[in-house]
Amino acid sequence: MAIYIDPPMWPGHGRMWSHLVSDQSFDELHSFAARIGAPRRAFERDHYDLPAERYGDAVRAGAVEVGSKELLRRLTAAGLRRPKNRPAPRTAHRGAS
């Protein structure tokens, strides 16, 4: 039961971005994101996009630093992965909101 963050290496909108995920539930992820001030609009399917300047805030709040492949592995193992072009599950699985 942890929140994970990968390094800010994803370019977009003139900035670099990290992904913030949970290995437990979307409820856990939304709660953590709210605590660090990440807006709900930053949530995309199964993760929050967090700009590089917020990376340290997430780590200080308890997010575990992992590489992108490890982050994806943990998200998938938790059953929370929602790839693009695939609809979200119809059930409220694993704390989905």
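**View 1. The largest pocket and the residues that line it.** The largest pocket is lined by 20 residues, and those nearest its centre are W10, H19, R45, H47 and D49. Its volume is about 460 Å³. A pocket is found on a 1 Å grid over the protein atoms alone, as an open set of points where a 1.4 Å probe fits, with protein on both sides within 12 Å along at least five of seven lines; lining residues have an atom within 4 Å of a point. Grid points are joined across faces, edges and corners, and the volume is the space filled by probe spheres set on the points. The model is predicted: local features need pLDDT of at least 70, side-chain atom pairs count only at pLDDT 80 or more, and totals for chains, interfaces and linings use all residues. Residues are numbered from 1 along each chain as its sequence is written, and side-chain values use heavy atoms, with hydrogens and water left out.

**View 2. Elements and residue classes in the lining of the largest pocket.** At least two lining residues come from each of β2 (10-12), β3 (15-22), β5 (47-51) and α3 (68-77). α3 gives the largest share, four residues. Helices (H or I, at least four residues) and strands (E, at least two) are DSSP runs, numbered from the N terminus. Sorted by class, the lining has eight nonpolar, five polar and seven charged residues. Here Ala, Val, Leu, Ile, Met, Phe, Trp, Tyr, Cys and Pro count as nonpolar, Asp, Glu, Lys and Arg as charged, and the others, Gly among them, as polar.

**View 3. A nonpolar surface patch that includes W10.** M9, W10 and M16 form this patch, and together they have about 270 Å² of accessible area. Patch residues have over 30% relative accessible area and no salt bridge, and nonpolar side chains (Val, Leu, Ile, Met, Phe, Trp, Tyr) are joined within 5 Å. Areas come from the Shrake-Rupley method with a 1.4 Å probe, and for residues only the protein chains shown count as cover. W10 lies in strand β2 and is partly exposed, at 35% relative accessibility. Buried means under 20% relative accessible area, exposed over 50%, and partly exposed in between.

**View 4. Two loop residues with positive phi.** Most residues other than glycine have a negative phi. H13, in the loop between β2 and β3, has a phi near 55°. H13 is exposed, with a relative accessible area of 77%. R45 has a positive phi of about 65° and is found in the loop between β4 (43-44) and β5. R45 is partly exposed, at 25% relative accessibility.

**View 5. The salt bridge between R81 and D46.** In a salt bridge, a side-chain nitrogen of Lys or Arg lies within 4 Å of a carboxyl oxygen of Asp or Glu; by this rule the count is seven. The closest N and O atoms of R81 and D46 are 2.9 Å apart. R81 lies in the segment after α3 and D46 in the loop between β4 and β5, so this pair ties together parts 35 residues apart in sequence. D46 is buried, at 1% relative accessible area, whereas R81 is partly exposed, at 34%.

View 6. The closest N and O atoms of E70 and R74 are 2.6 Å apart. Because E70 and R74 are four residues apart in helix α3, about one helical turn separates them. Salt bridges that share partners also join R54, D57 and R60 into one network. Within it, D57 pairs with R54 at 2.7 Å between the closest N and O atoms.

Methods
Patch = residues over 30% accessible without salt bridge, like charges linked within 9 Å, V, L, I, M, F, W, Y side chains within 5 Å. Buried < 20%, exposed > 50% of the residue type's maximum accessible area, 1.4 Å probe, protein only.
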